[in-house]
Amino acid sequence: MHSKLKTNRNRRAFIQQGLQASLFFGVAPYIKAAPPARYRTALIGCGWWGMNVLHEAMAAKRAKVVGLCDVYERPMLASKDEVSQRTGEQPRCYKDYRDLLQRERPEVVIVATPDHWHALPCIEALKTGAHVYVEKPTSHTIGESRAMLHASRASDRAVQVGLHRRIGPHHLSGMQFLKSGKVGTIGMVKLFVTGGGGGPETPVGHTKPPTGMDWDMWCGPAPSRPYCRKLTPGGWRNFLDYANGTLGDWGVHWLDQLLWWSEETSPKTVYSTGGRPVLGPAIFNDKEGSTSDAPDTQTVSYAFENFTAVWEHRKYAGNAQEHHRIGAYFYGSKGVFHMGWRDGWTFYPKSKGEPVVHEDPSFDN
Ligand SMILES: NC(=O)c1ccc[n+]([C@@H]2O[C@H](COP(=O)([O-])OP(=O)(O)OC[C@H]3O[C@@H](n4cnc5c(N)ncnc54)[C@H](O)[C@@H]3O)[C@@H](O)[C@H]2O)c1
């Protein structure tokens with residue numbers, strides 16, 4: 001799904017306000033102007049990535065953090081301390097996002113909960129009049145994503161999905177290179193995440209959730225299962241009740257690059273196989289506890305009108321022979337282009353005499 005779900009007047013005004021302010025200051029720095037507006041901002045899901053996004057919002061100096069929400073007190077109170085230290089503000093803390101939205105009426109809401117908890121806060125935030133930045137993947141199921149799209153179109157607010165690889169400097173220049181025709185006719189694209197140690201997965205026992213964590217609310221609209229420390233923080237990615245494994249977590253970034261390059265919206269057919277040949281069968285019982293249950297191996301083939309794409313992930317057999325561990329290979333009649341992450345992008349021309357072209361990534365932090 002495209003990272004910007006809709007286009008309308010309010011949305012454009014919201015996004016362009018910042019741009020106009022910077023252009024204005026650029027041409028006439030000597031004119032005194034009112035400081036740019038700071039948006040009443042709330043974060044729902046104060047874990048690792050939610051705080052990364054909030055740091056950026058605070059650094060841009062366009063956010064006034066009015067509310068924080070998490071079903072676990074510990075990360076929420078740590079976030080509150082951090083916001084106070086950085087900005088002097090004292091955001092109020094909430095365990096239920098509905099209370100936050102009703103009481104604080106934020107203008108911008110960042111949703112960085114686990115995937116099964118993206119849709120409902122996003123839709124509710126739109127209903128209360130907020131613009132929404134919701135983390136990728138859009139949601140846990142196609143039905144939830146459709147409901148979000150519907151709510152987004154019915155509102156006059158902006159919704160952006162956290163597919164930041166659309167704005168990373170090496171992604172922009174790499175995409176320009178790809179679209180310039182220098183790779184020739186591209187007939188196949190391979191998207192992949194590979195590597196890791198491997199071996200059978202050991203289950204971890206079910207226990208009481210940590211003090212201060214509302215486990216029932218954490219499970220929320222998804223199936224309720226006993227707490228196990230494999231699940232959180234972050235481990236839910238590999239439990240299919242709450243997320244979609246490596247394809248849902250990493251795949252969306254690379255599939256988005258494919259849609260960006262091809263300007264396609266969907267393939268004609270999709271075929272997928274996979275399993276857990278190395279991690280072993282999923283375990284879930286009171287005696288042993290839980291293992292994860294997402295596949296350690298998955299391949300998908302996507303047939304588009306003019307090219308074929310394949311996804312491949314493997315959580316084992318990391319090795320030094322395969323040069324790139326992650327990313328997208330675009331196979332063209334003039335060579336192979338690799339769009340990567342920490343390894344930037346590289347073009348390997350077909351002709352031996354031509355030089356390899358490479359650009360490093362640039363990260364702000
Ligand atoms: N764009 C990217 O590159 C990128 C990178 C990492 C993570 N993410 C996305 O960010 C999201 C969060 O990932 P994470 O690694 O920070 O997970 P995490 O498990 O570390 O944090 C999630 C937080 O949400 C809280 N939470 C759960 N249910 C909640 C609810 N109903 N209301 C409020 N809080 C609730 C949890 O207690 C936890 O503190 C995921 O959707 C993930 O896919 C995106």
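Visitor: Before we look around, where do the domain bounds come from?
Guide: Domain bounds come from an automatic or database domain assignment. For this protein, that assignment gives domain 1 (9–162) and domain 2 (169–359).

Visitor: And how far apart are the C-alpha centres of domain 1 and domain 2?
Guide: They lie 27 Å apart. The contact takes 15 residues from domain 1 and 16 residues from domain 2. Two residues are in contact if their C-beta atoms, placed from the backbone, lie within 7 Å.

Visitor: What's on the side of domain 1 that touches domain 2?
Guide: Seven nonpolar, three polar and five charged residues. Ala, Val, Leu, Ile, Met, Phe, Trp, Tyr, Cys and Pro count as nonpolar, Asp, Glu, Lys and Arg as charged, and the others, Gly among them, as polar.

Visitor: Okay, what kind of model is this?
Guide: This is a predicted model, where local features need pLDDT of at least 70, side-chain atom pairs count only at pLDDT 80 or more, and totals for chains, interfaces and linings use all residues. Residues are numbered from 1 along each chain as its sequence is written.

Visitor: What's pLDDT, and what does the protein average?
Guide: pLDDT is the predictor's confidence in each residue, from 0 to 100. The protein averages 91, and 90% of the residues score at least 70.

Visitor: Where does it stay under 50?
Guide: Over residues 1–9, with 17 contacts beyond four places in sequence in the model, and over residues 14–30, with eight such contacts.

Visitor: New topic: which residues come nearest the ligand?
Guide: Of the 29 residues around the ligand, Gly-45, Gly-47, Trp-49, Glu-135 and Pro-233 come nearest. A residue counts as near if its C-beta atom, placed from the backbone, lies within 6 Å of the molecule.

Visitor: How does that shell divide by residue type?
Guide: Into 15 nonpolar, nine polar and five charged. Domain 1 and domain 2 each give at least three residues to the shell.

Visitor: Which helix supplies the largest share?
Guide: Helix 2, with three residues. Helices here are DSSP runs (H or I, at least four residues), numbered from the N terminus.

Visitor: And how do helix 5 and helix 6 pack?
Guide: Helix 5 (residues 119–127) and helix 6 (residues 142–154) pack at about 10 degrees, with axes 10 Å apart. So helix 5 is roughly parallel to helix 6, a label for angles under 35 degrees. Axes are lines fitted to C-alpha atoms over the stretch in contact, and angles run from 0 to 180 degrees between N-to-C directions.

Visitor: Which residues meet there?
Guide: Ala-119, Cys-122, Ile-123 and Leu-126 in helix 5 meet Glu-144, Ala-147, Met-148, Ala-151 and Ser-152 in helix 6.

Terms used: Helices (H or I, at least four residues) and strands (E, at least two) are DSSP runs, numbered from the N terminus. Angles under 35 degrees count as roughly parallel, over 145 as roughly antiparallel, 65 to 115 as roughly perpendicular and the rest as oblique.
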